[in-house]
Amino acid sequence: MPPKSILKKTPAATSTQGQAAVAANAPPPARAVNQRHLSTAVHHARIYEQRKQAETAILDAVFELMDFPTSPDADPTRPSPSDAHRFRQAIVPFQPSDYDGLIEERNIADKCGYTLCPRPKGKAPSAAKKHFVETSKGVQIVDRKKLEMWCSDDCARRALFVKVQLNEEPAWLRQGDFGTEIELMVDNTEDHHKALPLRLKKAAAPAPKDTEEEDAAAAWAARDDALADLAIERGETPGRLSKVNKDLITDKIKERVARFQPTPPSLPPGQSHMAIEGHVPKSAREAERKDSDDEDDEQDWDKALPG
Amino acid sequence: MADSGDHKARQEMLDLWRVYRTTKEMCRDRGYNVLPEECNISFDDFARKFGTESGQIARGQMNFSTIPSEDMVRKYTPPATPKVPHPEPAIGTLWVEFNADENIGMKNLREFITHLQNGSYYSGIMIVVKPLSGMAMRGIRGAQQLSGGSGPKGGIEVFLEQDLKINITKHELVPTHLLLSTEEKAQLLKRYRLKETQLPRIQVTDPVAKYYGLRRGQVVKIIRKSETAGRYASYRWAI
């Protein structure tokens, strides 16, 4: 005899057993799709998809940049325009941590950490894990890994010059196109700007050598940018004088010229300084009398005044 | 000095012998075809087979490939549907590699993937001495998409040698885990009138889940000893 089911039997179960058993055991019927829930789910799925794509792009970029530069006798100070262009393009979605990962990968492949340098990585004086290094701040203990990261200090500087420009925000959270221009520290600047089609001529001007001059130029550029932004915000066409300005501010300045010597304010004669609209309260009157008994300062002062 | 060197080499040989046995057992427990002799290889045999004359170990020779047993293929084949009358099993030949490198990065990973592609292996296991670099770890997570979606279908798993020195499933506190096939899972959900989201869960990063190579969405049956009931079965959904 088969074991008896303890499940509740629906009326239909007695008549058509096979089908009813399925119905009793079936999972609860699916509810009708709520359009709002569906759109929320799709929205979040899109976000995940975007994130996955961004991460894959970074991984692919690391794979590609590991083997850079393309020619074995490239010069890190004067990289070929195509290499530099590809590097600048591929590095845009990187976070600083991704860039560290790239450096680590290059080091594992026994290459200098700077992407445009074809030389092998540096060699520490010995195989010890930690090394003493003389620096300007005194002797420091440094990991061997860190010592062997770069082939030279110059490459380190060039690589870190790129790192500080990277956006800390993950690529899939970034909005707009801000900070998509990564500058490289190169000696043949002119070649690179020629190789880039979408650069403005103004920005292609070689950077002034004097730091003070550079700062000033940067400040002026920032001011111009800000003014342009402001103009757009006001609904003006950039590069044209606006009508709004005239109505808002007039540029006629009236100077106030003094025609006579200023005089200090004085009390009318016979008026107490304690008076409130001509009335002197009783308490004040008594106090005044006492004061005038003690010293006649007030009157002296009155006399001393010219008029 | 020579003595300590010998001792070190012998210790390494001993460790690797254990790792090798655990790896074979792991493949057997997953359902691949592994001979019992391979799981129970004695230390002397192991040293003879994979050691060099100087007593060093040749990790390159320890690599092996194995094919899934019929049972395993059946378990991993999704049920036939009207649209797909002859579904492909989601399992295939496995390649196991012992890597001796200290630093493993994207370069080694790329070589490994190329090897898997050339040998048309379904999935790969890499057994390494030191943890992989962060980027390589991320590369493994997206291994199927790598190199234009032509990566190994079954993905790549990475184990540290020291994690495989001991077979954790032989520990008395680790209950039996049994992987359910798609049909068994459907039956279970029907019997208990559940949705799969209503099951208790197990992470795919759980040591035992890693040992069995559980994939997201699979259900594992866990059979424990119970004082009152003798045996107690529970089910967990890999997540």
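Guide: Two strands count as paired if DSSP finds at least two bridges between them. The model shown is a predicted one.

Visitor: What makes strand 2 and strand 3 of chain B a pair?

Guide: The cut-off is at least two bridges. Five bridges join strand 2 of chain B to strand 3 (residues 123-128) of chain B, and the two run parallel. The label therefore applies by that definition. Within this pairing, B:Glu97 stands opposite B:Met126 of strand 3 of chain B.

Visitor: How do you know in which sense strand 1 and strand 2 of chain B pair?

Guide: Strand 1 (residues 64-66) of chain B meets strand 2 of chain B over three bridges, in the antiparallel sense. B:Thr66, for instance, has B:Leu94 in strand 2 of chain B as its bridge partner.

Visitor: Why is the pairing of the sheet in chain B called mixed?

Guide: Strands pair either parallel or antiparallel. Strand 2 of chain B runs parallel with strand 3 of chain B, and strand 1 of chain B pairs with strand 2 of chain B in the antiparallel sense. The four strands form an open sheet in the order 1-2-3-4, with mixed pairing. Strand 1 and strand 4 (156-160) of chain B are the edge strands, as each pairs on one side only. From one strand to the next, the twist averages 20°.

Visitor: What makes strand 2 of chain B largely enclosed?

Guide: A residue is buried if 20 or more other C-beta atoms lie within 10 Å of its own. Five of the five residues of strand 2 (residues 94-98) of chain B are buried, so the strand is largely enclosed by the rest of the structure. Both of its faces are covered: B:Leu94, B:Val96 and B:Phe98 lie on one side, B:Trp95 and B:Glu97 on the other.

Visitor: How do you know on which side of helix 6 of chain B its buried residues lie?

Guide: The buried residues of helix 6 of chain B are B:Met135, B:Ala136 and B:Gly139. They cover an arc of only 95° around the axis, so they are on the same side of the helix.

Visitor: What does helix 6 of chain B give to the side of chain B that touches chain A?

Guide: Residues are in contact if their C-beta atoms lie within 7 Å. The contact takes 18 residues from chain B and 13 residues from chain A. Helix 6 of chain B gives the most to the chain B side, with four residues. By class, that side has four nonpolar, seven polar and seven charged residues.

Key:
Residues numbered from 1 in each chain as written. Chains lettered and ligands numbered in written order. Predicted model: local features only at pLDDT ≥ 70, side-chain atom pairs only at ≥ 80, totals over all residues. Contact = placed C-beta atoms within 7 Å. Nonpolar A, V, L, I, M, F, W, Y, C, P; charged D, E, K, R; others polar. Buried ≥ 20, exposed ≤ 12 C-beta atoms within 10 Å, placed from the backbone. Arc of directions from axis to C-beta. Axes fitted to C-alpha atoms, helices over the stretch in contact; angles between N-to-C directions.
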